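Please read the points below beside the model.

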Amino acid sequence: MFLKKNWIYPLLFGIIGAFLGLLIRYAFTGATVIFSIKNILQAHSHVILLGFLFNALLIMIWINFTRAIDRISYFLFVALQVCVAMMMVAFIYQGYAFFSILFSTIHLWISYILLIRLWKRLDGSNETILLVKIGIFFHFLSSLGPYALGILMALNMKGSPWYQQAVFFYLHFQFLGIYFVWMLALLVKKVKLNLNIKQILIIVIGLIFLYAHSLDYSFNHWLIQFFGGFGSLLIFAVLLRFWSSFKNFDKTIRYIYYLMLIVALINVAGSFPYFANLAINNRFILIAWLHFLFLGLYIPFIWVFINKKIHIGLWLFYVVSVLASELFLIFPGYSSNWFSVSINDLLFFSYLGVFLSLTTVHINLISNLNNEIILDRE
């Protein structure tokens with residue numbers, strides 16, 4: 001019932017998720033860890049996506065686009081946190097099995113109810129509210145992926161490309177659907193951007209077509225590059241039209257906008273076969289892209305919108321650590337030769353910097369949370 005106190009959940013899960021990621025990098029240096037790396041990886045991804053990013057963006061939407069959180073919605077939100085915690089433990093101990101599937105499913109069903117309640121309480125300009133609703137729609141759409149997994153397993157199609165695509169479908173409409181659209185809605189409200197229905201429609205079409213990039217991992221056809229390229233160009237074109245609205249705004253907001261443009265440009269580049277094949281055939285390149293999206297865009301966005309001052313030294317340490325990790329992933333051989341250190345050691349130390357800076361920021365934010373009550377008692 002303390003909406004600002006609820007920030008402790010995403011901030012704490014952010015620390016835990018970052019630690020699990022660091023543990024994975026530590027294992028790749030040759031060190032021994034107790035649990036399966038594959039299990040830890042699954043726990044890491046679920047904690048970061050659902051425990052940190054989804055939670056943080058949901059709180060921001062609730063604060064900025066509703067008058068208050070009602071009592072039932074508050075308890076539903078807390079129930080989501082219990083599911084994330086149980087999901088994390090289950091993934092670490094047993095991987096993708098009964099209990100991890102159980103708590104993932106319960107989390108999904110509770111999120112349905114919570115987002116429907118959010119939909120009914122939205123308040124603001126029609127265009128911005130429409131963006132929030134589109135994000136909610138993408139959340140429901142993305143959940144078709146996990147349901148398809150059960151059907152495919154029942155049909156003995158776990159080894160088929162469609163099984164992998166069901167996972168990609170969920171992930172795409174999560175982090176380039178709901179997360180991206182909600183982030184854009186918050187930015188639109190912040191800078192008082194005049195967004196029209198036509199631009200919103202172009203964004204939706206672009207994000208749907210952008211899923212074609214995921215199809216590249218399983219199929220090879222020129223139409224895949226065409227639709228992926230068309231979608232990425234639509235997103236970039238719309239974002240570029242907002243340039244004048246952002247160029248004179250606060251520098252931290254401008255930086256977030258520039259990062260969004262860079263992400264859009266990377267998606268445009270991914271429409272060309274050469275760059276698409278790099279991500280498909282080189283796991284380090286794929287990880288570099290995902291980490292740039294999460295570490296380079298979403299996390300700085302969340303920190304900026306929490307509206308608590310973060311020391312410039314912490315920002316610099318975080319940025320240097322993220323950039324170093326990206327360079328090591330993109331140029332592993334060159335980096336290893338230059339530093340005369342194995343690439344896995346270099347990646348571990350760069351992610352250690354990410355973990356330390358993120359943990360310091362989150363602990364400071366948690367310690368500065370106040371007790372303001374924002375509760376709708378209707």
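This is a predicted model: local features need pLDDT of at least 70, side-chain atom pairs count only at pLDDT 80 or more; totals for chains, interfaces and linings use all residues.

1. Gly159 counts as exposed, at 80% relative accessibility. The cut-offs, with a 1.4 Å probe and protein chains only, are under 20% relative accessible area for buried, over 50% for exposed, and partly exposed in between. Gly159 is found in the loop between helix H6 (144-154) and helix H7 (161-191).

2. Residues are numbered from 1 along each chain as its sequence is written, and side-chain values use heavy atoms, with hydrogens and water left out.

3. Most residues other than glycine have a negative phi. Asn156, in the loop between H6 and H7, has a positive phi of about 55° although it is not a glycine. Asn156 is exposed, with a relative accessible area of 72%.

4. Lys192 also deserves a look. This residue is not a glycine, yet its phi is positive, about 55°. Lys192 sits in the loop between H7 and helix H8 (197-210) and is exposed at 70% relative accessibility.

5. The secondary structure comes to 17 helices and two strands; helices (H or I, at least four residues) and strands (E, at least two) are DSSP runs, numbered from the N terminus. The radius of gyration is 20 Å, close to the 21 Å that the globule rule gives for 378 residues, so the protein is as compact as a globular protein of that length. That radius is taken over C-alpha atoms, and the rule is 2.2 Å times the number of residues to the power 0.38.

6. Buried residues make up 54% of the 378 residues. Of the contacts (heavy atoms within 4.5 Å) between residues at least 6 apart in sequence, 78% join residues at least 24 apart.

7. There are 33 aromatic pairs. Rings of Phe, Tyr and Trp (its six-membered ring) pair if their centres lie within 6.5 Å; planes under 30 degrees apart count as stacked, over 60 as edge-to-face and the rest as tilted. Tyr74 and Phe75 form an edge-to-face pair, 5.3 Å centre to centre with 70° between the planes. Tyr74 is buried at 14% relative accessible area, whereas Phe75 is partly exposed at 46%. Ring pairs also link Phe137, Phe138, Phe169, Phe173 and Tyr211 into a cluster.
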